[in-house]
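Have the structure open while you read.

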Amino acid sequence: MVNQVHCTDSNGPLAKYESSGTSSSGGDSSKESSRCSTPLLDSDRTDRLREKMRHRMESGDRWFSLEFFPPRTASGAVNLISRFDRMGAGGPLFIDVTWHPAGDPGSDKETSSMMIASTAVNYCGLESVLHISCCNQSKEKISQHLIKAKRLGLKNIMALRGDPIGNEWEEEAGGFSYATDLVKHVRCEFEDYFDICVAGYPTGHPEAKSYEEDLRHLKEKVDAGADFIVTQLFFRSETFLKFLKDCRAIGITCPIVPGIFPIQGYQSLRQLVKLSKLEVPEEIKEVMEPIKDNDAAIRNYGIDQAVEMCKVLLHSGEVPGLHFYTLNREVATMEVLRRLGLWLEDPRRPLPWAVSAHPKRKVEDVRPIFWASRPKSYIYRTQDWDEFPNGRWGNSSSPAFGELNDYYLFYLKSKCAKDALLKMWGEELMSEESVYEVFTCYIAGKPNHNGHKVTCLPWNDDPLASETNLLKEELEKVNRRGVLTINSQPNINGKPSSDPIVGWGPSGGYVFQKAYMEFFTSSENVSALLKVLKKYEPRVNYHIVNVKGENVTNAHDMQPNAVTWGIFPGREIIQPTVVDPVSFMSWKDEAFALWIEQWAKLYEEESPSRMIIQYIHDNYYLVNLVDNDFPLESCLWQVIEDMCKLLDSPVEHPAELQP
């Protein structure tokens, strides 16, 4: 343990702790020391999609996948990414994102197919399949899209001819008119990099001369290099089972996944049937016609119909997985999956934090704790790294974090609209204590004085995590005193890795944590805190910094402190979360900026509310505390209690003030 204090602060409460040592961030990336090799916790992070399918089929573990389409608006993109997070919690094997030629699908727009699929992979950790069609594209343009997809971390393609933009198909000069040619092109140009999916039509493609001819074309696509098939929707289980049997009879051996469409509305069904040129069976029409104006009744019928059809498919023994056409909605699909027993409310976490599915991050298993509630921001700021820490963080001479200048990227924005945020955080703030109340209500999960429940903060866009709930009572107390917590974890001494709250990693292991707390607080509190902390060394490590970068720490300025680790059968110790002093200085910039970017800017310039938030930004300190004695009851609450007692004491005792 290193106890020497390092500080840079000329006038504030840190000034008397100044020494020659300083902590800084900046310089070149140094990750050579992080190259320790550790066995991966979850082979699903490295396996190709086709291998994941094969493993599931061999083990008899049934699975599901989900289809989405790009939204038309920026706010729609924000909502869709939130839906990815919610529906991703159920454990889909993959999602796919459709391609709309008229919507600039390969661009960098937040509503493009390319950006939505890339966000799903990189920021939501979802295995993703990007649709690409031949429609209105030259061979060169398709290659450009595929090069971009590869660069963005996408490694699965659904190769389609696509629907014509007009009424009739028009050949593109230098392009392709058939999906088979697109599959051949992908294999020729990119060899085996992409896993390729193609479409199957259980009743035959509407433009095919016959059902048999369409089957032959499907086999041509598979022979050209396709890895698996997802079918068009259908309404009867026997339709798919016959199609599957016919495919096997002509030598198609790859996985064939049935496309399931839970009917969710009368008009949406009519539109989809029109586009797909399918016939709705009479028995379905007869049920729907009398209730066509009752959306709830239609949805309930659609759920029942989908569940019964899926049960037949799954019980046939021929169907290992189901692919759902969601229409970007979640209620009906999630209900069908729950009734089928396929929805996993709390799938096993391979690591304590949200992983990315980008192939270059497949070995990443260590991160600083500071971004625990903002994993998408961490991924964004480290997206240009060529290598990622594996096994340990290493001696962090200076990890090069990218700047976060755009807090309004659609995958980093708050899920809540401005009006909702104002209702939660205060349409008018009266004092710093008004801010304390917002934090306290968030921790408590209770409504504020205006009756609105606080479900998020600028540093955490979700309600309190179940792990943090273990600390709720103590966190409420300290937030009322102006210790504004934004990150914390309890100490854990050998809980099973299967524990539903703090567990992670493979079964049969044990997990450990040091108590950690991170918070903003006033300069007065920091002055008292520094006096109190003297009697807790070396047990407690601390790092305190203001917006100007003036900081004090009693930790080694280059050495990370592991605060989460796990021991698993037949593996090395895994330490996925660290408190790293250099990374903290990069996080500091983001943490302070969120006061302004996400809270102060809700109010008019020069308004009292905005000035209160600005004052906190300018004058408060960001503090992190680590209690290294994890087998003992955490002393961090006593540290804060001692700080408050010192502040409340009418007479300062000389012994307490001794630096």
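Q: Where does Asp 195 sit?
A: This is a predicted model, to start with. In it, Asp 195 lies in strand β6, which covers residues 195-200.

Q: Why is Asp 195 called buried?
A: Buried means under 20% relative accessible area. Asp 195 comes in at 1%, so it counts as buried.

Q: Which residues is Asp 195 in contact with, leaving aside neighbours within four places in sequence?
A: Arg 48, Leu 49, Arg 50, Lys 155, Asn 156, Ile 157, Arg 187 and Asp 227.

Q: Where is Asp 227, then?
A: Asp 227 is in the loop between α6 (211-223) and β7 (228-233).

Q: Why does Asp 227 count as buried?
A: Its relative accessible area is 15%, and the label needs a value under 20%, so Asp 227 is buried.

Q: Which side chains make polar contacts with the side chain of Asp 227?
A: Arg 50 does, at 3.0 Å, and so does Arg 187, at 2.8 Å. Asp 227 also touches Phe 194, Asp 195, Ile 196, Cys 254 and Pro 255, among residues beyond four places away in sequence.

Q: Is Cys 188 buried or exposed, and what about Cys 310?
A: Exposed means over 50%, and Cys 188 has 58% relative accessibility, so Cys 188 is exposed. Cys 310 is at 0%, so Cys 310 counts as buried.

Q: How many disulfides are there?
A: A disulfide needs two cysteine sulfur atoms within 2.5 Å. By that rule the count is zero.

Q: What is the strand order in the open sheet of five strands?
A: The order is β10-β18-β17-β13-β12, and the pairing is mixed.

Q: Why are β10 and β12 called edge strands?
A: β10 (367-368) and β12 (492-496) each pair on one side only.

Q: What makes β12 and β13 a pair?
A: Pairing takes at least two bridges, and β12 and β13 (residues 510-513) have four, so they qualify; the sense is antiparallel.

Notes: Residues numbered from 1 in each chain as written. Predicted model: local features only at pLDDT ≥ 70, side-chain atom pairs only at ≥ 80, totals over all residues. Heavy atoms only, no water. Buried < 20%, exposed > 50% of the residue type's maximum accessible area, 1.4 Å probe, protein only. Contact = heavy atoms within 4.5 Å. Polar contact = N/O pair within 3.5 Å; in protein donor to acceptor, adjacent residues only side chain to side chain.
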